[in-house]
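We will go from whole domains down to single pairs of residues.

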Amino acid sequence: MRSSSPADDAQAPEAAPPLLELSALTKRFADPKQGERTVVEDLDLRVPPGEFCALVGPTGCGKSTVLSMIAGLERPSSGTVTADGVRLAGIDPRTGFVFQKDAVFPWKTVLANIAAGPRFRGVDRQTAIELAHEWIIRVGLEGFEQHYPDQLSGGMRKRVALAQTFVNRPGILLMDEPFSGLDAQTRQIMAEELLGLWESLGASVLFVTHDLEEAIALADRVVVLTARPATVKKEFTVELPRPRSPRKIRFDPRFVRLHEEIWSCLSDEVQIAYARATAAR
Amino acid sequence: MKTIARRTTVPAIQIGLLAALLGAWQLAVDTKRISVFFFGSPAGTWRELYEWIRRGTVQGPLWQQAWVTLQETLIGFAIGVVLGVLLGLVLGRIPLLARVFTVYIGTMNSIPRIVLGSVFIIWFGTGMGSKIALVVVLVFFSVFFNAFQGARDVDQNLIANARVLGARRGSVMLHVVFPSAFSWIIASLRVAFGLAITGAVVGELLGATQGLGLLIQQSQGNFDPDGVYAGLVVTTLLALVAEGLITLLERRLLRWKPRRRPQTATT
């Protein structure tokens, strides 16, 4: 009986996460001063199905713009985004996006926030609430169903945001410095929980951060971007065992070595970005 | 202990001040320092009110007059709010329309709108229609500008989130834009309700067959200041009740907002 209900359809494992490819992706913005400003230039990137890929780069290098283009929130000036070889036009239902700033709806309760995605996608109210309940348990927010985001701590709000995204079962998960607003301890706990969720669900992940430690601790591959305009400078494979604990892995000698190696590559770009920022002032 | 004392002292002072003011007025009239003929008196106003309540007014029972004014106010308020909110949200979300129409709306806003009451009486006669029209015009603008601003003020991040989660245009409007603009809109409702009552009463002053405004206008014609005051008292009571209802509505609909508790001094 239950196997035919929409609840089970929605819970059934999604099709395998897609292969995500960006080719020659470019974004220019009109700038009244210089005429045009190139933020992202000829960016090529391939994220194999189910890979956790971290993008690191200096602050303001255009990392967020890359994610916005993949999500379909912004149109690339040129170049393409494809999933399993099919070009993504606009917002794709397989996509999930966890934003840097709080993007949960302050006027909805925790339950309504998490049920929002399925509701927007046409799931009936009862099923959406069941799904939301399940996710409330998975992210450990039992007892807070009827709370409003303003009544929660930063870490709890982040959990709501994660559940809100994961309830849609995204095959492509885009995360834009999702933990940047949190304190160091909460950040580590959230990283830990994110890995747990991702390992049980599977998704092709693009995780933007400027925290190199976080990138290495979470990802299968770390991609270093150049200072603006952003393009791929170098890629590093993270060969650390999974399942892994982001907190403990930091003490692994391989982690330390890799951190050194990537940092030497990244630091040039950081310095360029820093010099520009101070010159502009 | 101190806070309890403070909680009772403030209302006590407030009541005391009011009593002193009314007492001084009454005293000035009784000792003939000011003319009761021109300025009336608190006791006279009370007598007039009591008369209206017991025997009714010249135009019929008091409640009936109040009901007429209240109906004009409520109907006009409802229409004005709905129009203001809808137009404000739509124009706030569609920049092209906003650019086209803001000139017209801005210009119409600078018309001293209360004068339109005269026009409406010519158009719609001395019945309720002309007052409702005046109320609508007054309410519309105060709500419109807030709804417009509120719709433009929506956090782009929230809209982006809703869209990625799967919301289409209508859902974005309903689940993000409207609730976000709501705190702006509700702030305008208080002012708008005050304007609505003003509109209804002024409309009746300009020409009516029933209503509190007519009552005030007739008292003015009879050179009866107490009657004018009595009319004002009833109008004010209506406004206060409405204000209370709006506060309740606000509490219910803006539950999600952290309420800033007024800091009580703890010295």
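## Stop 1: the two domains of chain A

The centres of domain 1 of chain A and domain 2 of chain A, taken over C-alpha atoms, are separated by 24 Å. To see them, select 2-94 + 171-280 for domain 1 and 106-169 for domain 2 of chain A; these bounds come from an automatic or database domain assignment.

A word on the model and its labels. This is a predicted model, in which local features need pLDDT of at least 70 and side-chain atom pairs count only at pLDDT 80 or more, while totals for chains, interfaces and linings use all residues. Residues are numbered from 1 along each chain as its sequence is written, and chains are lettered from A and ligands numbered from 1 in the order in which they are written.

Domain 1 of chain A brings 14 residues to the contact and domain 2 of chain A brings 12 residues, with two residues in contact if their C-beta atoms, placed from the backbone, lie within 7 Å. On the domain 1 side, α1 (6-11) and α6 (184-201) of chain A each supply at least two residues. Here helices (H or I, at least four residues) and strands (E, at least two) are DSSP runs, numbered from the N terminus. Highlight α6(A): six residues, the largest share of that side, come from this helix.

## Stop 2: the antiparallel sheet

Next, show the strands of chain A in the order β2-β1-β4-β5: these four form an open sheet with antiparallel pairing. Two strands pair if DSSP finds at least two bridges between them. β2 (35-47) and β5 (86-87) of chain A each have a single partner strand, so one side of each is left without a neighbour in the sheet. Select β1 (residues 20-31) of chain A and follow the nine bridges that link β1(A) to β2(A). Which residue stands opposite Ala30(A) in β2(A)? Click on Glu36(A).

## Stop 3: the mixed sheet

Move on to the six strands of chain A ordered β6-β7-β8-β3-β9-β10, an open sheet with mixed pairing. Its edge strands are β6 and β10 (232-237) of chain A, each pairing on one side only.

- Parallel: β7 (172-176) and β8 (204-209) of chain A are joined by five bridges, and Leu174(A) stands opposite Leu206(A).
- Antiparallel: β9 (221-225) of chain A pairs with β10(A) over five bridges, and Val223(A) has Glu235(A) as its bridge partner. A hairpin of six residues joins β9(A) to β10(A).

## Stop 4: where the chains meet

Bring chain B back into view. The contact between the chains takes 20 residues from chain A and 16 residues from chain B. On chain A's side, β6 (95-98) and α3 (110-120) each supply at least two residues, and α3(A) gives the largest share, three residues.

## Stop 5: a helix pair in chain B

Finally, select α6 (116-124) and α9 (169-206) of chain B. How do they pass each other? Their axes come within 10 Å and cross at roughly 60 degrees, the axes being lines fitted to C-alpha atoms over the stretch in contact, with angles that run from 0 to 180 degrees between N-to-C directions. α6(B) and α9(B) are therefore oblique to each other (angles under 35 degrees count as roughly parallel, over 145 as roughly antiparallel, 65 to 115 as roughly perpendicular and the rest as oblique). Show Gly117(B), Ser118(B) and Ile121(B) of α6(B) together with Val202(B), Gly203(B) and Leu206(B) of α9(B): these residues make the contact.
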